[in-house]
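Please keep the model open while reading the numbered points.

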Amino acid sequence: MNVTVFGTGYVGLVQAAVLAEAGNKVVCIDIDEDKIARLKQGHIPIYEPGLEPMVKESIATGNLSFSTDASVGVEHGELIFIAVGTPPDEDGSADLRHVLTVADTIATHMTVKKYIINKSTVPVGTADKVRNTVEKRLAERGLSDLPFDVISNPEFLKEGSAVADCMRPDRIIVGTSEKESEQKLRHLYAPFNRNHEKILVMDVKSAELTKYAANCMLATKISFMNEMANIADKVGADIEAVRRGIGSDPRVGYQFIYAGIGYGGSCFPKDVKALISSAEQLGLSAEILTAVESRNEQQKHYMAEKILAHYNGDVQGKVFALWGLSFKPNTDDMREAPSRVLMERLWEKGASVRAFDPEAMEECQRIYGDRDGLELCGTKEAALKGADALVVATEWQQFKALDTNEVRTLLKSPVVFDGRNQYEPEEMEEAGFCYYCVGRPD
Ligand code: UGA
């Protein structure tokens, strides 16, 4: 099928690459000329396992191309995805400016029926706004009879496994009440819907709300566990035992109940805020989500508080080795990363940080530049050398097997603050470490 994707961010680019590999002719449109120029050469602006070879291959086969010319994109695609950003406004609500600009652009250039598909995470009611925008522009062009549909088809991919998630989705939500639109999307997604039925067709508003409900539910699980971890700390219980104890109940499940130093990234924080804001606009108060967000904000300070308590509030001149900058493993994304709150708290108190991350070093350099108190180290060992303590902020695979002898030798003193519960407290104690973690007796 001929597909156009507006927006070459995480969602747009991955979707485009996966659809192109499946044999569709996909054109990606973005207003960022520099980005498009680089994409044409196969240079991917983000780190995402498997994405670069897939993009390069589809460029070579001619199934994937890039342009800044919106009219080319509108003419090409029978199916047109809107996958542009919806950054939070000052009040936390999703800013729909980019989405509606694309809708207007489509209506400005279309001459035959188009299926307009919302991939961006957008509040309930956005499909109606897109529809109104398109109708208005078509009316101005004297083309009010030109048919089109607006479909909600939210994306559930996770950063770090985006390509795999997109190729093997656990559900494909299609929000439309038009049979023809449903058939088009069934056809498009057929290669990803082989062994069991994953397509769930529903009305547009339910599809839009499903996306927020999914992320908010997961964020709630995490904040709930973080709250339990805080209680475990006070009563001397072990959150890891509690996790296994409740996860074994299939109604709870084992996933997304790991306590830590808070969730980050571009999705959970933004989506929780946006749903709170939507509820408020509807005259409701989102009590649970407000608590989820507030727990997460506090949780990002959890390890900084433990560090300060260990040093009796005085970390002036201390040097901390920091392992992990990205908000989670397998990504270079540092948006809303707990590591940032941690570093900023330590700098505020006069300490400095020697950081290492397998992928996010450039991103950290971009955010903080050559800031005093930050040294970016080439290896995890280099970060340890002469530091007063090790702080773990992200659970990258390569941090999991700790060479305790080496860490003890390289650090000035054997102190580890583990924000992701990567090591066993008893083993760390036996290895001679003063070990702090989250919600476990330390
Ligand atoms: C999230 C959702 O998981 C995807 O389904 C969704 O499509 C995506 O948002 C989106 O809306 O685009 P992502 O933000 O990539 O994906 O990251 P997750 O893997 O969900 O992790 C989010 C955060 O939760 C990370 O900071 C992670 O460290 C934290 N987390 C996760 C915990 O603290 N504990 C857990 O048990 C699980």
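The points below cover the basis of the model, the ligand shell, the annotated positions and the strands.

1. Basis. The model is a predicted one, in which local features need pLDDT of at least 70 and side-chain atom pairs count only at pLDDT 80 or more, while totals for chains, interfaces and linings use all residues. Residue numbers start from 1 along each chain as its sequence is written.

2. Ligand shell. The ligand is surrounded by 20 residues, and the closest are Glu-159, Tyr-258, Tyr-263, Gly-265 and Cys-267. A residue is taken as near a molecule or strand if its C-beta atom, placed from the backbone, lies within 6 Å of it. By residue class, the shell holds eleven nonpolar, five polar and four charged residues. Here Ala, Val, Leu, Ile, Met, Phe, Trp, Tyr, Cys and Pro count as nonpolar, Asp, Glu, Lys and Arg as charged, and the others, Gly among them, as polar.

3. Sources of the shell. Domain 1 (2-202) and domain 2 (212-298) each supply at least three residues to the shell around the ligand; domain bounds come from an automatic or database domain assignment. Helix 9 (residues 204-235) gives the most, with three residues. Helices (H or I, at least four residues) and strands (E, at least two) are DSSP runs, numbered from the N terminus.

4. An unreviewed UniProt entry lists Cys-267 under "active site". UniProt positions are given in the numbering used here, feature names are shortened, and annotations may be inferred rather than shown by experiment. Cys-267 is found in the loop between helix 10 (239-247) and helix 11 (268-281). Is Cys-267 buried or exposed? Cys-267 counts as buried because it has 25 C-beta neighbours inside 10 Å. The cut-offs are 20 or more other C-beta atoms within 10 Å for buried, 12 or fewer for exposed, and partly exposed in between, with C-beta atoms placed from the backbone.

5. Under "binding site", the unreviewed UniProt entry lists several positions, including Leu-157, Glu-159, Lys-211, Tyr-258 and Lys-328. The listed positions span 173 residues in sequence, and their farthest two C-alpha atoms are 24.1 Å apart, so they do not all gather at one spot. Leu-157 lies in the loop between strand 6 (148-152) and helix 7 (162-167). With 20 C-beta neighbours inside 10 Å, Leu-157 counts as buried.

6. A contrasting loop position. Val-112 is placed in the loop between helix 5 (97-109) and strand 5 (114-118). Val-112 is exposed, because 10 other C-beta atoms are within 10 Å.

7. Strand 4. Strand 4 (residues 79-82) is covered on both faces, with Leu-79 and Phe-81 buried on one side and Ile-80 and Ile-82 buried on the other. Strand 1 (residues 2-6) runs parallel to strand 4 and is joined to it by four bridges; Thr-4 has Ile-80 as its bridge partner. Four bridges also join strand 4 to strand 5, again in parallel, and Ile-80 has Ile-116 as its partner there. Two strands pair if DSSP finds at least two bridges between them.

8. An open sheet has six strands in the order 11-10-9-12-13-14, with parallel pairing. Strand 11 (374-376) and strand 14 (434-436) stand at the edges with a single partner strand each, so one side of each has no neighbour in the sheet. Within this sheet, strand 12 (residues 389-392) and strand 13 (residues 415-418) pair in the parallel sense over three bridges, and Val-392 stands opposite Asp-418.
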